[in-house]
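Here is a walk through one structure, taken a helix pair and a residue at a time. Keep the model open while you read.

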Amino acid sequence: MRWGYIWATVLLLGLSSPLQAAQRKMTYEEYRAELERALKRESEAKAAIAELEKEIKALKEELRRLEERIAAVKEEIYSLIGTDEQGVRAFQAQVEEIGKEVDALKGLSPDDLFWKKKELKEIKKRLEELRGSRIAALPEIDERLTALEGALAQIWAKVPELPSPGHYTVLKGDCLWNIAKKKEVYGDPYMWPRIYLANDQITNPDLIYPGWELTIPRGVKENQHLVVFGEWLSKIAGYEEVYGDPSKWPKIYEANRDQILDPNLIYPAQVLEIPRD
Amino acid sequence: MRSKLCIWGLAVAVALGGAAGCARHPSQEELNRLEEARKAAALAEKELEAKKKEKASLEAKVSKKREELRKLEAKRDAVKAKLGGK
């Protein structure tokens, strides 16, 4: 019985501890293989790092060269257009300012555009000035200017030769002088002959009747001038949009001999032809 | 007879235990070395990954700069052509 216990104890000790050790400890061969694997991983990674460092150095050098080249080409462009980055920005701001004005005009009706002709001419002039600059040779600016010129041409095409005439229904007590004086008509009584000349039913300007529907002509054509009270030929010739030179008044006189008998006598509401060179 | 059986049993048990538990194992020092080697490998691999990322980033920058240069050269040529007549 005693030997039975001893036998069982030894058997347990002999078998259990090696089994446990096998579970938690690697063999020497496994250790060697694992060590080799780790060393190989490290050496391979270091070799790859060395290779990558060479490539990174080359890339940094290329980047530096590219940046130098970019700066040189930028400098070359600025030298060609005779300005610097700030100059280009200021120019772009001017172009965009015109862009906003053109956009605002796009939505107007033809009649409204007729009254904006001066503004349109001004914009056209500014665009031409910008176009004349060397900065306009930059592709992005050239493109924008071309677009604006196109948009302006489209707006010009919508401008009528004359705006639609207005209408007025004669009331009891009205006369042409009073009608012309009304703010919604001309706001200028001296303009009464325009109404008289535009309405065939008026045979005697002192005789108009309630209920008559009168046409109220608006504006004048491009090469015409509507005389208002207080104007004379040299004054008209001196206007910037006419000749900008009072001494050129005879040109107007010659072109309107049919309606000007005496060059010292012109009348409000006369529509004068302005001959262009 | 019974005691003989016990002695044989004891011998078999010792033999079995020896066979199973006496294979050679790495020492603690060797295990430490393995751990160090593993750590060094992991560190090198981490550094390799960082270098790969750095290279990829530089390649992207170079590619972007090349494109920028190409566009600028085209712009310069366009300006020259446009100013040819001025």
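Start with two helices of chain A, α3(A) and α6(A), which are roughly parallel to each other. The model is a predicted one. Helix α3 of chain A covers residues 85-106. Its axis and that of α6(A) come within 10 Å and cross at roughly 25°. The crossing of α3(A) past α6(A) is left-handed.

Which residues make this contact? On the α3(A) side they are Val88(A), Phe91(A), Gln92(A), Val95(A), Glu96(A), Ile98(A), Gly99(A), Val102(A), Leu105(A) and Lys106(A). On the α6(A) side they are Glu140(A), Ile141(A), Arg144(A), Leu145(A), Leu148(A), Ala151(A), Leu152(A), Ile155(A) and Lys158(A). By class, the residues of this contact split into 12 nonpolar, 2 polar and 5 charged.

Now turn to α5(A). Helix α5 spans residues 117-131 of chain A, and helix α6 spans residues 139-158. Their axes come within 11 Å. They cross at roughly 155°. Parallel or antiparallel? With angles over 145 counted as roughly antiparallel, α5(A) and α6(A) are therefore roughly antiparallel to each other. This crossing is left-handed.

The α5(A) side of the contact consists of Lys117(A), Leu120(A), Lys121(A), Ile123(A), Lys124(A), Leu127(A), Leu130(A) and Arg131(A). From α6(A) come Asp142(A), Leu145(A), Thr146(A), Leu148(A), Glu149(A), Leu152(A), Ile155(A) and Trp156(A). The residues of this contact divide into 9 nonpolar, 1 polar and 6 charged. Look back at the lists for α6(A). Leu145(A), Leu148(A), Leu152(A) and Ile155(A) take part in the contact with α3(A), and they take part in the contact with α5(A).

Helix α6(A) also meets chain B. Its partner there is helix α2 of chain B, residues 28-83. The two pack at an angle of about 60°, with their axes 9 Å apart. That makes α6(A) oblique to α2(B). Pro139(A), Glu140(A) and Asp142(A) are the α6(A) residues that meet α2(B). They face Lys75(B), Ala78(B), Val79(B) and Lys82(B).

Buried or exposed? The relative accessible area of Glu34(A) is 19%. The cut-off for buried is under 20%, so Glu34(A) counts as buried. Which residues does Glu34(A) touch, leaving aside its neighbours within four places in sequence? They are Leu34(B) and Arg38(B).

Next come two loop residues of chain A. Arg218(A) sits in the loop between β2 (213-216) and β3 (224-226). Its relative accessible area is 24%, so Arg218(A) is partly exposed. Leaving aside its neighbours within four places in sequence, Arg218(A) contacts Trp115(A), Leu162(A), Pro163(A), Ser164(A), Pro165(A), Gly166(A), Glu184(A), Val185(A) and Arg194(A). Gly166(A) is 52 residues away from Arg218(A) along the chain, yet their C-alpha atoms are separated by 7.0 Å.

Ala269(A) is in another loop, between α10 (249-255) and β4 (271-273). Its phi is positive, about 80°, although Ala269(A) is not a glycine. Ala269(A) is buried, with a relative accessible area of 7%.

Finally, step back to the whole chains. Chain A has 10 helices and 4 strands. From the N terminus, its elements run α-α-α-α-α-α-β-α-α-β-β-α-α-β. Chain A has 277 residues, of which 34% count as buried. Among its contacts between residues at least 6 apart in sequence, 61% join residues at least 24 apart. Chain A exposes about 17100 Å², with carbon and sulfur atoms supplying 55% of it.

Chain B has 2 helices and 0 strands. Buried residues make up 23% of its 86 residues. Chain B exposes about 6200 Å², and carbon and sulfur atoms supply 59% of that area.

Note on methods: Residues are numbered from 1 along each chain as its sequence is written. Chains are lettered from A and ligands numbered from 1 in the order in which they are written. This is a predicted model: local features need pLDDT of at least 70, side-chain atom pairs count only at pLDDT 80 or more; totals for chains, interfaces and linings use all residues. Side-chain values use heavy atoms; hydrogens and water are left out. Buried means under 20% relative accessible area, exposed over 50%, partly exposed in between (1.4 Å probe, protein chains only). Contact means heavy atoms within 4.5 Å. Accessible areas come from the Shrake-Rupley method with a 1.4 Å probe; for residues, only the protein chains shown count as cover. Axes are lines fitted to C-alpha atoms, for helices over the stretch in contact, and angles run from 0 to 180 degrees between N-to-C directions. Angles under 35 degrees count as roughly parallel, over 145 as roughly antiparallel, 65 to 115 as roughly perpendicular and the rest as oblique. A crossing is left-handed if the near helix is turned anticlockwise from the far one by less than a right angle, and right-handed if clockwise. Ala, Val, Leu, Ile, Met, Phe, Trp, Tyr, Cys and Pro count as nonpolar, Asp, Glu, Lys and Arg as charged, and the others, Gly among them, as polar.
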